[in-house]
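Please look over the sequence and the fold shown here before reading on. The report is meant for someone meeting this structure for the first time.

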Amino acid sequence: MSETPLAFMIATFVVLAVFFAVDLFVIGRKPHVPTTKESLQHIAFFIVMALIFGALLWLIVGAKPAVEFYSGWLTEYSLSIDNLFVFVIIMANFAVPRELQKYVLSVGITVALVLRGVFILIGAVIISRFTWVFFLFGAFLIVTAVKLAMGGDDDEEYHENAVIRALRKVVSITDEYDGEKLRTEKNGVRLWTPMLIVFLTIGTTDVMFAFDSIPAIFGLTKDPFIVFTANVFALLGLQQLYFLLGALLDKLVYLPVGLSVVLGFIGIKLVMEALSGNSLPFINGGHPVEQVPEVPTWLSLAVIVVAIGGSALVSVLKMRQEPSEQQKGQQ
């Protein structure tokens with residue numbers, strides 16, 4: 001259960017709802033390609049809002065929940081950046097006009113947020129009743145970390161998931177876009193536009209990513225309120241980040257390594273927590289393993305900052321070295 005005052009939680013949900021409403025129905029109503037300046041302003045705004053929210057948590061609830069939020073937010077934000085690779089592929093696969101891509105991302109991310117909320121509630125109930133599930137979460141994250149480190153999680157092409165394949169069988173869809181419309185008329189017949197498929201693809205694909213990110217953040221905090229708000233702040237501004245990074249995404253070559261370190265660390269932390277609260281009869285006779293040390297929250301935050309920041313820095317340095325190496329080769 002959350003220790004955060006109910007009034008603060010309600011105020012937070014209202015403010016976050018306003019953020020999404022403005023982004024979707026005010027800023028996003030006019031189809032356009034965001035400029036670099038516009039993208040930077042939006043990203044900076046949402047980052048500052050996340051930092052302020054963490055500071056308010058610190059003042060109202062205490063240092064531990066605030067550090068848990070910052071750790072979760074940074075983890076979710078880093079995983080979201082990695083997921084932008086797939087968004088690029090989806091946009092290309094469905095030939096979404098560039099001026100419509102921001103609107104598509106806004107709606108798709110909103111769908112993803114609703115579905116993630118359901119996923120978080122289910123996860124919170126399972127964790128509260130079955131602590132042994134941490135063994136499964138931890139093992140899953142460790143396997144994912146190994147795959148990332150070995151390059152086995154690369155998404156070179158997009159494959160439609162089962163939801164989209166099933167929808168295509170029962171719904172008539174035209175191949176042409178009609179602005180932001182979901183329905184259009186062609187030869188006197190009302191048809192769905194590809195926009196419907198794109199919305200569902202972005203939303204459901206993001207939920208698939210949640211199988212990595214939700215267990216990861218539950219490894220940092222058990223508070224559903226912090227889990228949800230960290231996810232929301234990670235998703236806010238994601239569409240602007242999509243346009244800002246653009247072709248630079250494939251230049252962040254060491255980001256998967258940093259993410260693998262984070263996921264591996266959290267996976268091990270989850271297994272340790274499962275051992276310290278063990279109730280499985282075939283492990284230590286069904287008793288907690290008291291020798292397992294507790295990982296402090298500040299250490300989790302430090303590992304996340306160093307791993308993600310370090311991988312991004314090394315990627316940027318490598319990016320800068322490539323032009324100079326090319327110039328040397330031409331001489």
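The model is a predicted one, and its protein chain contains eleven helices and two strands. Read from the N terminus, the elements follow the order α-α-α-α-α-α-β-β-α-α-α-α-α. The protein chain has 331 residues, of which 48% count as buried. Its accessible surface amounts to about 16,600 Å², and 67% of that area belongs to carbon and sulfur atoms. When contacts between residues at least 6 apart in sequence are considered, 78% of them join residues at least 24 apart.

In general, an α-helix has 3.6 residues a turn, so residues three or four places apart point the same way. Just after α2, Gly62 adopts a positive phi of about 140°.

| Salt bridge | N to O distance |
|---|---|
| Glu68 and Lys64 | 2.6 Å |
| Lys181 and Asp178 | 3.9 Å |
| Glu273 and Lys269 | 2.6 Å |

Where do Glu68 and Lys64 lie relative to one another in helix α3? They are four residues apart in this helix, which runs over residues 63-93, and so they are separated by about one helical turn. Glu68 counts as buried because its relative accessibility is 9%, a value under the 20% cut-off.

In the pair formed by Lys181 and Asp178, Lys181 is partly exposed, with a relative accessible area of 48%, and Asp178 is likewise partly exposed, with a relative accessible area of 27%.

Glu273 and Lys269 belong to helix α10, residues 255-276, where they are four residues apart and therefore separated by about one helical turn. Are these two residues buried or partly exposed? Glu273 counts as partly exposed at 24% relative accessibility, whereas Lys269 is buried, with a relative accessible area of 6%. Both residues also take part in a network of salt bridges, in which they are linked with Lys222.

Key. Residues are numbered from 1 along each chain as its sequence is written. This is a predicted model: local features need pLDDT of at least 70, side-chain atom pairs count only at pLDDT 80 or more; totals for chains, interfaces and linings use all residues. Side-chain values use heavy atoms; hydrogens and water are left out. Buried means under 20% relative accessible area, exposed over 50%, partly exposed in between (1.4 Å probe, protein chains only). Contact means heavy atoms within 4.5 Å. Accessible areas come from the Shrake-Rupley method with a 1.4 Å probe; for residues, only the protein chains shown count as cover. A salt bridge is a side-chain nitrogen of Lys or Arg within 4 Å of a carboxyl oxygen of Asp or Glu.
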